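Subject: A structure to look through

Dear colleague,

I am handing over the structure we spoke about, and I would be glad if you kept it open while you read what follows.

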Amino acid sequence: MASPRKSKPGKSNASKATSRPPTPRKSAPAPLSDPPTPATLLVSPRSFVRQLQEVDLVWWRYIWVPAVAGLLGGLAYTLLVRHAAVFAAANSETAAPGLATSAVNVLGTTFLSVFIFVLMWGFGRVGAGFGGRAAEVYGASFALMPPLYLLVIVVTLLTPAAAFLPDAAGVTGLGSDPRVLERAALAQTFQTSAGFALVVVTLLGTAAQFGFVYAAMRQLTDKPIQAVMGTLLPLLPALMIQLIGVSPLLFAR
């Protein structure tokens, strides 16, 4: 009786190999989306919101924007008031302000700008809720201010120094009190185009930020009431702080 034929091991292994399903290749991870630039909020709030929703919430993402705005605002303010300080020192035989005074003005305005951002973030978070992403939206809204402050700086540098000072006839009646002299020079500074522009940019520019904020929060929350609350709650405190910041110019007599 003939023995049964044994199958060749090579053929059986080949058949097993051909019967195995192909190993699926691991797909490459999807690239991370880039956050929108702050200027996108000013150009198209809808595009800003669409790109922002594709990234995780990072509260410090745009904190540098209010810092830059405050730095330029402080520089614009320092360039304006330096004429009044020098004028008061020259007519009262007191020491003229140095570089430290200018640095304090610039850094103080920068700190004030960041503080206003934190205030906007806090009140906006209460009004619009977590979905409003107040930290990022309010931080990006400060992108409106640097170009305006740069414009004020250019106008200030193009204005003759004599335009910021009281006329010679009025100086004799001011006495030698440096505070009186400085207030008189600040009042004259406010009458110039540069001084008036700084006050307008600071107050109306801040108010305009809330228009862009509302447009973004309206898309993010999809609830008009929350968007309105997230916009209105920080409005008055922010404007009051900015008003205090420009009060030496606005209320100088």
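The axes of helix 4 and helix 10 come within 11 Å and cross at roughly 145°, where axes are lines fitted to C-alpha atoms, for helices over the stretch in contact, and angles run from 0 to 180 degrees between N-to-C directions. Helix 4 passes helix 10 in a left-handed crossing, a term that applies if the near helix is turned anticlockwise from the far one by less than a right angle, with right-handed used if clockwise. At this crossing, A76, Y77 and L80 in helix 4 meet A194, G195 and L198 in helix 10, contact being defined as heavy atoms within 4.5 Å.

Before going on, please note that this is a predicted model, in which local features need pLDDT of at least 70 and side-chain atom pairs count only at pLDDT 80 or more, while totals for chains, interfaces and linings use all residues. Residues are numbered from 1 along each chain as its sequence is written, and side-chain values use heavy atoms, with hydrogens and water left out.

The protein has 12 helices and 0 strands, taken as DSSP runs numbered from the N terminus (H or I of at least four residues for helices, E of at least two for strands). Of the 253 residues, 40% are buried, which stands for under 20% relative accessible area, whereas exposed is over 50% and partly exposed lies in between (1.4 Å probe, protein chains only).

Helix 10 itself covers residues 193-221, and at 1.5 Å a residue its 29 residues should span 42 Å, which agrees with the 41 Å between its end C-alpha atoms; the expected span is 1.5 Å times one less than the number of residues. Helix 10 also bends by about 25° at G205, the bend being the angle between axes fitted to the seven residues ending there and the seven starting there. Just after helix 10, D222 takes a positive phi of about 60°; D222 lies in the loop between helix 10 and helix 11 (224-232) and is exposed, with a relative accessible area of 59%. R133 likewise has a positive phi, of about 50°, although it is not a glycine, but R133 is buried, at a relative accessible area of 10%.

Helix 12 (residues 235-250) has a kink of about 40° at I244, shortly before the proline P248. Its buried residues are A238, I241, Q242, V246, L249 and L250, and they pack against helix 4, helix 5, helix 9 (178-190) and helix 10.

Lastly, the aromatic rings: the structure holds 7 aromatic pairs, counted for rings of Phe, Tyr and Trp (its six-membered ring) if their centres lie within 6.5 Å, with planes under 30 degrees apart called stacked, over 60 edge-to-face and the rest tilted. W59 and W60 form an edge-to-face pair, 5.5 Å centre to centre with 85° between the planes. The rings of W59 and W121 have their centres 5.1 Å apart and their planes at 15°, so this pair is stacked. Because W59 lies in the loop between helix 3 (45-52) and helix 4 (64-92) and W121 in helix 5 (residues 99-128), the pair ties together parts that are 62 residues apart in sequence. Ring pairs link W59, W60, F117 and W121 into a cluster.
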